[in-house]
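Dear colleague,

Please find below the structure that I am handing over to you. My findings follow it, and I would be grateful if you would read them alongside the coordinates.

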Amino acid sequence: MPAASFPLPLCAIYGGTFDPIHYGHLKSVEALAKQVALYQVTIMPNNVPPHRPQPEADSHQRKAMVELAIAGHPLFRLDARELERSTPSYTVETLEQVRGERGMQQPLAFIIGQDSLLSLQRWHRWQSLLDLCHLLVCQRPGYPVSMDTAEQQRWLDSRTTASVDELHAAPAGKIYLAQTPMYDISATAIRRRLEQNLPCDELVPAPVLQFIRQHGLYR
């Protein structure tokens, strides 16, 4: 695998609200990990997302659901640092903190969906992101594969690589458009189904679904 050829293995961070975590999250990232030879994916739930409505489940509940979802999966680990903040969870600031811990030579990636790529230039200090990490982009149903403007597309084209080896050889700076399966699963739809008392067994891991029912979430 590519990681064996380089001194430091590529690892990745996967952020989101995970309200709740579901198979769309997990299966997409498992497929991505196989494509680019990730040895570890750190799931990092955020507490105060600056770009979207606030989560319905509180930070303790979302942390517990992630723990239940990844139990027994060696690919995944949980980092709850953003849940401990009361301020907005700006990705660039978290990546700066991680860089301070791991050093500037560690190949590091941040996993996003195609929807996030299209809105990336609205993120806080987005120009600094590729100084800190690679971006691994998972396909999402219903979103175009091109940027909104010609300028944005030129920026994307100048940074995109199809080489997995490049992701492992450099600590940051590249965008990889992964050919991951497109799971038409969203937390919004799951919450709506739970409100209507509809089954979600094929959408959410069983221990997470049990936790949701035990705590009366999304009613």
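A residue is called buried under 20% relative accessible area, exposed over 50%, and partly exposed in between. Please bear in mind that this is a predicted model.

By that scale, R125 is partly exposed, because its relative accessible area is 33%. The residue belongs to the loop between α4 (114–118) and α5 (129–132). Its phi is positive, about 50°, although R125 is not a glycine. N197 also has a positive phi, near 60°, and is likewise a residue other than glycine. N197 sits in the loop between α8 (187–195) and α9, and its relative accessibility of 61% makes it exposed. A further backbone feature is the cis peptide bond between D19 and P20, with omega about 5°; P20 is located in the loop between β1 and α1. For context, most residues other than glycine have a negative phi, and most peptide bonds are trans.

Turning to the sheet, 6 strands form an open arrangement in the order β3-β2-β1-β4-β5-β6, paired in parallel. The edges are β3 (76–78) and β6 (175–177); each has a single partner strand, so one side of each lacks a neighbour in the sheet. From one strand to the next, the twist averages 30°. β1 and β2 are joined in the parallel sense by 6 bridges, and I13 has T42 of β2 as its bridge partner. Between β5 (residues 134–138) and β6, also parallel, there are 3 bridges, with L136 partnered by Y176 in β6. Helix α1 (residues 23–36) packs on this sheet, where it touches β1 (11–16), β2 (40–45), β3, β4 (108–113), β5 and β6, and its direction makes about 125° with that of β5. As for β1, 5 of its 6 residues are buried, so this strand is largely enclosed by the rest of the structure.

Helix α2 lies across β2 and β3 and runs at about 160° to β3. The axes of α2 (residues 59–70) and α9 (residues 206–214) come within 8 Å, crossing at roughly 150°. The two helices are therefore roughly antiparallel, and the crossing is right-handed. Which residues of α2 and α9 meet? On the α2 side they are Q61, A64, M65, L68 and A69, and on the α9 side P207, V208, F211 and I212. By class, this contact has 8 nonpolar residues, 1 polar and no charged ones.

With kind regards

Methods
Residues are numbered from 1 along each chain as its sequence is written. This is a predicted model: local features need pLDDT of at least 70, side-chain atom pairs count only at pLDDT 80 or more; totals for chains, interfaces and linings use all residues. Side-chain values use heavy atoms; hydrogens and water are left out. Axes are lines fitted to C-alpha atoms, for helices over the stretch in contact, and angles run from 0 to 180 degrees between N-to-C directions. Helices (H or I, at least four residues) and strands (E, at least two) are DSSP runs, numbered from the N terminus. Angles under 35 degrees count as roughly parallel, over 145 as roughly antiparallel, 65 to 115 as roughly perpendicular and the rest as oblique. A crossing is left-handed if the near helix is turned anticlockwise from the far one by less than a right angle, and right-handed if clockwise. Contact means heavy atoms within 4.5 Å. Ala, Val, Leu, Ile, Met, Phe, Trp, Tyr, Cys and Pro count as nonpolar, Asp, Glu, Lys and Arg as charged, and the others, Gly among them, as polar. Two strands pair if DSSP finds at least two bridges between them. Buried means under 20% relative accessible area, exposed over 50%, partly exposed in between (1.4 Å probe, protein chains only).
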